[in-house]
Amino acid sequence: ANNITTTATVQGGSVNATAALQLGGVDINTAGTLTNVAYENQANTFTLANTFSAAGTALSVTNNASIGGTGTIGTLSVTNNATVGGTLGVTGVSTFNGNVGITGTNTLTVGTGATTLGGTLAVTGASTLTGLLTANGGATVVGATNINTTGTNATTIGNATSSTTVGGALGVTGATTLNGNTSVSGTNTFT
């Protein structure tokens with residue numbers, strides 16, 4: 001075998017090394033030997049945009065990943081748990097196929113849009129409705145019920161063409177005005 005030793009430039013169309021290409025006696029495949037070259041067995045920093053266009057899964061990350069800036073993803077599929085440390089902003093429609101839980105003293109706020117619930121709404125604490133409550137299918141109240149009207153506001157039950165039925169005793173502590181007929185049926189008495 002012949003060795004070529006020179007301090008000048010060696011030029012040629014191709015370099016065919018049957019064992020290894022070395023720089024300073026170190027195989028160029030050794031991580032860190034060449035600068036501005038990505039090695040598979042070392043941490044690499046890319047300062048410019050990179051495009052992965054392979055068919056199928058072009059980029060696989062099998063461990064943790066950190067994105068310091070903005071990440072734009074066409075479709076995001078998460079097969080395990082996901083934690084969002086800040087605010088999650090969604091500009092399109094969101095579909096939750098499983099349960100959604102809000103823990104602790106955190107709240108759920110809906111802006112000026114309508115809210116539709118397809119199933120049952122169960123509330124274990126007090127509920128405050130600052131607007132009109134409309135129950136198109138009727139309302140069933142279990143337990144004691146207090147209807148308190150504050151200030152000079154009036155409380156209206158029913159309308160001119162409907163009837164109101166009270167199954168138990170009706171207690172009125174203030175003045176009562178009856179604008180229509182009043183009847184006592186059967187053997188009941190009016191005292």
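Author: Happy to! The largest pocket is lined by 32 residues, and I73, L76, V78, A82 and V84 are the ones nearest its centre. A pocket here is an open set of points on a 1 Å grid over the protein atoms alone, where a 1.4 Å probe fits, with protein on both sides within 12 Å along at least five of seven lines; lining residues have an atom within 4 Å of a point. Rolling a probe the size of a water molecule over the atoms shows where empty space is left. Please keep in mind that this is a predicted model, in which local features need pLDDT of at least 70 and side-chain atom pairs count only at pLDDT 80 or more, while totals for chains, interfaces and linings use all residues. Residues are numbered from 1 along each chain as its sequence is written, and side-chain values use heavy atoms, with hydrogens and water left out.

The volume of the largest pocket is about 2,100 Å³, a volume being the space filled by probe spheres set on the points, with grid points joined across faces, edges and corners. Its lining has 13 nonpolar, 19 polar and no charged residues. In this scheme Ala, Val, Leu, Ile, Met, Phe, Trp, Tyr, Cys and Pro count as nonpolar, Asp, Glu, Lys and Arg as charged, and the others, Gly among them, as polar.

The second largest pocket has a volume of about 1,400 Å³. It is lined by 31 residues, with I157, V166, L170, V172 and T176 closest to its centre. By class, the lining of the second largest pocket holds 10 nonpolar, 21 polar and no charged residues.

Now for the chain around these pockets. The protein has zero helices and two strands; helices (H or I, at least four residues) and strands (E, at least two) are DSSP runs, numbered from the N terminus. Its radius of gyration is 39 Å, well over the 16 Å that the globule rule gives for 191 residues, so the protein is more spread out than a compact globule. That radius is taken over C-alpha atoms, and the rule is 2.2 Å times the number of residues to the power 0.38. Along its principal axes, the C-alpha trace spans about 130 × 35 × 25 Å.

Of the 191 residues, 1% count as buried, where buried means under 20% relative accessible area, exposed over 50%, and partly exposed in between (1.4 Å probe, protein chains only). The accessible surface comes to about 19,300 Å², with 49% of that belonging to carbon and sulfur atoms; the areas come from the Shrake-Rupley method with a 1.4 Å probe, and for residues only the protein chains shown count as cover.

A polar atom of the T33 side chain lies 2.7 Å from the backbone oxygen of T30, and one lies 3.3 Å from the backbone oxygen of D27. Both are polar contacts, that is, pairs of N or O atoms within 3.5 Å; within protein, one must be able to donate a hydrogen and the other to accept it, and residues adjacent in sequence count only if both atoms are side-chain atoms.

N36 also belongs to the segment after β2, and its phi is near 60°, a positive value in a residue other than glycine. Most residues other than glycine have a negative phi. With a relative accessible area of 85%, N36 is exposed.

T130, in the segment after β2, is exposed at 82% relative accessibility. A139 is exposed at 66%, and A139 and T6, 133 residues apart in sequence, are 98 Å apart, C-alpha to C-alpha.
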